[in-house]
Amino acid sequence: MALLFIAPDRNPDPWKEAFDKVDSNLDLFFWPAIDQHKKINFIVCWNHPARLLDRFPNLQAVASLGAGVDHILADECLPDHVQICRTLTPRLIQEMVDYVRTSLLMHQRNITFYLQQKRQARWKHRKNRIASDLEVGVMGLGTIGRKVALELGNEGYNVRGWSRSSKQIKKVSTFAGNKEKASFLEGLDALICLLPLTSETRGILDLEVFKQLKNDAILINIARGSHLVEEDLVYALDKGLLEWAMLDVFQKEPLPDHHSFWNRPEIVITPHIAGITPPEEAAEVIIENYKRAISGMDLKYTVQRDKGY
Ligand code: NDP
């Protein structure tokens with residue numbers, strides 16, 4: 001019985017150290033250094049190579065090295081019986097909350113406006129906003145969205161949250177399903193996307209959505225690049241339907257050199273760093289799920305394949 005780590009673009013050293021600290025007796029392999037595929041019961045992966053996951057005859061579960069599982073669900077080689085789970089840690093969730101808070105503060109204090117103004121050597125004041133001036137909407141009230149909504153509510157923002165099933169969250173006005181989507185969006189100052197990428201949510205951030213927000217609203221997308229219809233964002237910015245956008249995720253990552261987003265001062269780009277999975281905390285979650293899988297127990301942060309998240 002063994003665990004296999006597959007993350008070709010990650011430095012394996014901090015992961016080796018973190019796994020060793022949690023359990024030095026663990027039977028652990030780092031792809032591609034694996035001799036017998038039949039030893040592997042559990043795989044943890046990020047950006048794994050294609051045509052690989054069906055080569056392990058005793059595979060019981062696959063964990064994502066992060067919160068998203070769209071890369072695993074898109075893999076046609078994954079056998080039907082294999083369970084899927086995610087890896088979430090307190091630090092990653094707090095980093096996501098901090099990213100949203102930073103973006104909102106930038107909006108409140110007009111930072112992108114002043115950065116543009118500096119390039120033109122202009123000295124013009126704009127009105128400051130405080131938290132209670134803003135209506136903010138969180139799309140997706142799962143592990144991360146719920147925490148974001150809760151913290152923003154505690155900080156004095158007027159918070160709305162939208163999910164598939166109805167929820168009750170303190171200091172948050174909640175909306176559910178497509179029937180309540182328009183009421184959720186109407187007149188928002190900031191729209192924050194924290195949805196999983198599924199067939200229902202792909203391309204959800206489109207012109208129809210932007211038209212329902214306030215004209216000086218901002219978009220914060222820290223979920224997945226394919227939630228956004230990129231040409232609709234450019235059009236909405238050109239038409240003054242949105243003031244600016246804070247984007248951490250893109251349809252193609254790294255964002256290609258020639259991409260038009262690079263030249264738009266109203267689009268702030270960060271390289272998929274809103275929340276980073278920390279090896280020290282993640283190793284504990286992964287090893288716990290590995291032990292649960294080989295003992296036939298339910299996994300933590302399990303994913304329902306039919307729902308896509
Ligand atoms: P969860 O799976 O925990 O939560 C998903 C939420 O979205 C649930 O509230 C769910 O509703 C809601 N939802 C799903 N489909 C729909 C739909 N069709 N209509 C309305 N609501 C819907 O996700 P997480 O909170 O863990 O992650 C959120 C996103 O953040 C993911 O896309 C993830 O990949 C991304 N992420 C990005 C990072 C970064 O660094 N940029 C880091 C970590 C995560 P219900 O509760 O009713 O099921």
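Contact here means heavy atoms within 4.5 Å. Helices (H or I, at least four residues) and strands (E, at least two) are DSSP runs, numbered from the N terminus.

This is a predicted model, where local features need pLDDT of at least 70, side-chain atom pairs count only at pLDDT 80 or more, and totals for chains, interfaces and linings use all residues. Residues are numbered from 1 along each chain as its sequence is written, and side-chain values use heavy atoms, with hydrogens and water left out.

So what do we have overall? The protein comes to nine helices and 12 strands. Of the contacts with a separation of 6 or more, 61% join residues 24 or more positions apart.

| Property of the protein | Value |
|---|---|
| C-alpha box along the principal axes | roughly 65 × 40 × 35 Å |

Buried means under 20% relative accessible area, exposed over 50%, and partly exposed in between (1.4 Å probe, protein chains only).

Now for helix α1, residues 12-22. Its buried residues are Trp15, Ala18 and Phe19. They cover an arc of only 95° around the axis (by directions from the helix axis to the C-beta atoms), which puts them on the same side of α1. Their cover includes β1 (2-6), β2 (28-30) and α9 (279-294). Over on the other side of α1, Glu17 and Lys21 are exposed.
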